[in-house]
Amino acid sequence: MTAPDQTPTSNEVVLKVENLVKYFPITRGILFQHQIGTVKAVDDISFDLRRGETLGLVGESGCGKTTTARTILRLENPTSGHASYMGRDIFELSRSEMRELRRRIQVIFQDPYASLNPRMTIGDIITEGWRVHKGVVAKPKQRARVHELLELVGLNPDHINRYPHQFSGGQRQRIGVARALALEPRIIICDEPVSALDVSVQAQVVNLLEDIQDELGLSYLFIAHDLSVVRHICDHIAVMYLGKIVEIGNEYDVYDNSAHPYTEALLSAVPIPDPALRDKERRILLEGDVPSPADPPSGCRFRTRCWKAQDVCATDPPELVERGQGHPVACHFPQVEFARP
Amino acid sequence: MTAVDTYKKNTIGDRALDPSAPLLTVDDLHVEFRMDMGTVKAVNGLTYSLDRHETLAILGESGSGKSVNAQAVMGIIDTPPGYVTRGSVKFRGAELLDLPESQRRTVRGERIAMIFQDALTALNPVFSVGWQIAEMFRIHRGATKKEGFERAIGLMDRAKIPMARERVNSYPHEFSGGMRQRVMIAMALALDPDILIADEPTTALDVTVQAQIMQLLADLQQETGMGLILITHDLGVVAEVADNVVVMYAGREVETGEINQVYHDPTHPYTLGLMQSIPRPDVHTDRLNPIKGSPPDLMHIPSGCPFHPRCPYAREKCVIEEPSLHEVAPGRVSACHFWKEVRGDRA
């Protein structure tokens, strides 16, 4: 029996990422390529994802959130580190074991227009996985199962023979969810699942994801830049900056008691949809742009834009450890006062 | 004084400007696109006005007509297939819609400037940013190359692009997303326009960069007194900067009013639905309350009120009769037959 077949018990860690590192080489030359540097896309990150839980990975573009997800799926080979699914190291699985794992970890993509094949009916799109993973659903039962799945995601089962272009953006994202669910995954990696959708439709998809999670006990790795949606849907949130996790904790830890200056700045930049609160919140405007991940600053990577930076920040990279805030934070000078009662 | 500093005349072409008239008035604007597959009614009756120092937000989802409205005001709709079929756009009382193209060109950049969502596609990749900014002075003001470049450096400084003098000869791809947006802002401000239209200026940017750009726009507006039209789908951004807001749905204006009133006391079910469906960054929300369905196809806009298939207040009247704009309070309109009910439910 292989580990990926086991059903996780409640609150069990289904995905454990330890010291994951992914560097991309920068090369020069066409015939005689030589490496002239490395992009440190993901640099030593660790986190746990438990059953039935949603872990949010947030940060700005280029911070490494999508590379993390791609490396966990082994769409990229890790430079070093471990990721284990229910105790089995993903990076040591054989090809056939890897196929079984991919069934258990499914992905929902950002762009519902680009991620569905325009020449396949939605019935074909949903059953495609079963052609690779034989035995998930027996052939005679497939049609009935597609009907069930379409109903589960709130689509009309009579539309099974329609093509993606006949659906709106929100409906296409539902098709993407149905396709992911077809293989009975334990984990779904949601890479910006609602950011391409209209505001009035986003809430529908967010609610759908929550309902399915409750019903099936799924775990989500939720990658997004919309911090309002993340606060709503995630149980735990990891804030990333230049390939590192700078702060990790639950909703109240990260949003209401943020201890890392980057988290503070990031959250203060999120506009609050209430004009009465205008000017009441202190906005921290960061200077300049994110430094290049090919040449990150020494010590703490945020120090070049940090108003608290001192000499020690340039020499010692701060560890992501608990520093009296009740949750781990990678800063030498974390915010100390508590707002929570 | 060089030629670059010519004062703006108080006429547009042969039309006199009335200094007491509002900066911009748009009245009952209709725009449609006649395509092979049918006619897309992109804007169906839009009315608003803008004054100096004012920030007006036009809030709507994709396909609501918010960007087409801006293109009509700028006069940059391709005809065919796009036609402005009805309505008026006046700058200080002077009608712009029937101006000949040669005179219309003097309005763009000088009077009304625009910045776009995607600065990388809006900028020309084969010319340096300095050249592109200087183009404004060369074409509109007959400046020399050298004068133009000096001006461009000054504008890049104003848009807070660090090391402007060193970077004036760089190309758009050498800038980050936020810096490119600053280049566009510099270009838009070149001729000191009276109105700046910002079409989703921060949608492609990260949230910390968005905050920087919105701050820059606010500072520049403070400095010049220009009127700012902010076109966006982001309820948060609107809440932070707008004085007044026009909410659009399926090409129609559904609600207009002062920002606090619209957010705290919506009188249209669509506005109310939007407010209730979004999560907030500052407080915990248990369950989102979405609007059912999805926005209509503009080739097949529902009969009566276009929002009726998604509206919890809809009844027979809404299917048959298109609601007119009801004045619910001074300066506030709602396009809902049952606006009193929508409002009453909140009280």
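Buried residues account for 50% of the 347 residues in chain B of this predicted model. The secondary structure of chain B comprises 13 helices and 15 strands. Its radius of gyration is 21 Å, close to the 20 Å that the globule rule gives for 347 residues, so chain B is as compact as a globular protein of that length. The C-alpha trace of chain B spans about 65 × 50 × 45 Å along its principal axes. Of the contacts in chain B with a separation of 6 or more, 66% are between residues 24 or more positions apart.

Chain A was described in the same terms. It contains 10 helices and 12 strands. Along the principal axes, the C-alpha atoms of chain A fill a box of roughly 70 × 60 × 45 Å. Buried residues make up 46% of the 341 residues in chain A. Among contacts in chain A between residues at least 6 apart in sequence, 65% join residues at least 24 apart.

The two chains touch each other. On one side are 37 residues of chain B, and on the other 36 residues of chain A. In chain B, the elements giving two or more residues to this side are α8, α9 (235-241), α10 (259-264) and α11 (269-277). Helix α8(B) provides the largest share, six residues. By class, the side of chain B that touches chain A has 15 nonpolar, 17 polar and five charged residues.

Helix α8(B) also packs within its own chain. Helix α7 (residues 177-189) of chain B and helix α8 (residues 207-224) of chain B meet at an angle of about 15 degrees, and their axes are 10 Å apart. An angle under 35 degrees counts as roughly parallel, so α7(B) is roughly parallel to α8(B). The crossing of α7(B) with α8(B) is right-handed. From α7(B), the contact draws on B:G177, B:G178, B:Q181, B:R182, B:I185 and B:L189. From α8(B), the partners are B:V209, B:Q212, B:I213, B:L216 and B:L220. The residues of this contact divide into six nonpolar, four polar and one charged.

Helix α4 (residues 129-141) and helix α5 (residues 145-158) of chain B pack at an angle of about 115 degrees, with axes 8 Å apart. That angle makes α4(B) roughly perpendicular to α5(B). Helix α4(B) passes α5(B) in a right-handed crossing. On the α4(B) side, the contact is made by B:G130, B:I133, B:A134, B:F137 and B:R138. On the α5(B) side, it is made by B:E147, B:G148, B:F149, B:R151, B:A152 and B:L155. The residues of this contact comprise six nonpolar, two polar and three charged.

One loop residue lies between α6 (164-167) and α7 of chain B, namely B:E174. B:E174 counts as exposed because it has 12 C-beta neighbours inside 10 Å. The C-alpha atom of B:E174 is 9.9 Å from that of B:V129, although these residues are 45 apart along the chain.

Helix α1 (residues 66-74) of chain B is mostly covered, with eight of its nine residues buried. The buried residues of α1(B) are B:K66, B:S67, B:V68, B:N69, B:A70, B:A72, B:V73 and B:M74. Just after α1(B), B:G75 has a positive phi of about 75 degrees.

Local backbone features were then examined. Most residues other than glycine have a negative phi, and most peptide bonds are trans. The loop between α1 and β7 (82-91) of chain B holds B:P80. B:P81 is found in that loop between α1 and β7 as well. The peptide bond from B:T79 to B:P80 is cis, with omega near -20 degrees. The bond joining B:P80 and B:P81 is also cis, with omega about 5 degrees.

In the loop between β7 and β8 (94-95) of chain B lies B:R92. B:R92 is not a glycine, yet its phi is positive, near 45 degrees. B:R92 is buried because 20 other C-beta atoms lie within 10 Å. In chain A, A:E184 has a positive phi of about 50 degrees, and it too is not a glycine. A:E184 sits in the loop between α5 (169-182) and β7 (187-191) of chain A. With 15 C-beta neighbours inside 10 Å, A:E184 counts as partly exposed.

How values were computed. Residues are numbered from 1 along each chain as its sequence is written. Chains are lettered from A and ligands numbered from 1 in the order in which they are written. This is a predicted model: local features need pLDDT of at least 70, side-chain atom pairs count only at pLDDT 80 or more; totals for chains, interfaces and linings use all residues. Axes are lines fitted to C-alpha atoms, for helices over the stretch in contact, and angles run from 0 to 180 degrees between N-to-C directions. Helices (H or I, at least four residues) and strands (E, at least two) are DSSP runs, numbered from the N terminus. Angles under 35 degrees count as roughly parallel, over 145 as roughly antiparallel, 65 to 115 as roughly perpendicular and the rest as oblique. A crossing is left-handed if the near helix is turned anticlockwise from the far one by less than a right angle, and right-handed if clockwise. Two residues are in contact if their C-beta atoms, placed from the backbone, lie within 7 Å. Ala, Val, Leu, Ile, Met, Phe, Trp, Tyr, Cys and Pro count as nonpolar, Asp, Glu, Lys and Arg as charged, and the others, Gly among them, as polar. The radius of gyration is taken over C-alpha atoms; the globule rule is 2.2 Å times the number of residues to the power 0.38.
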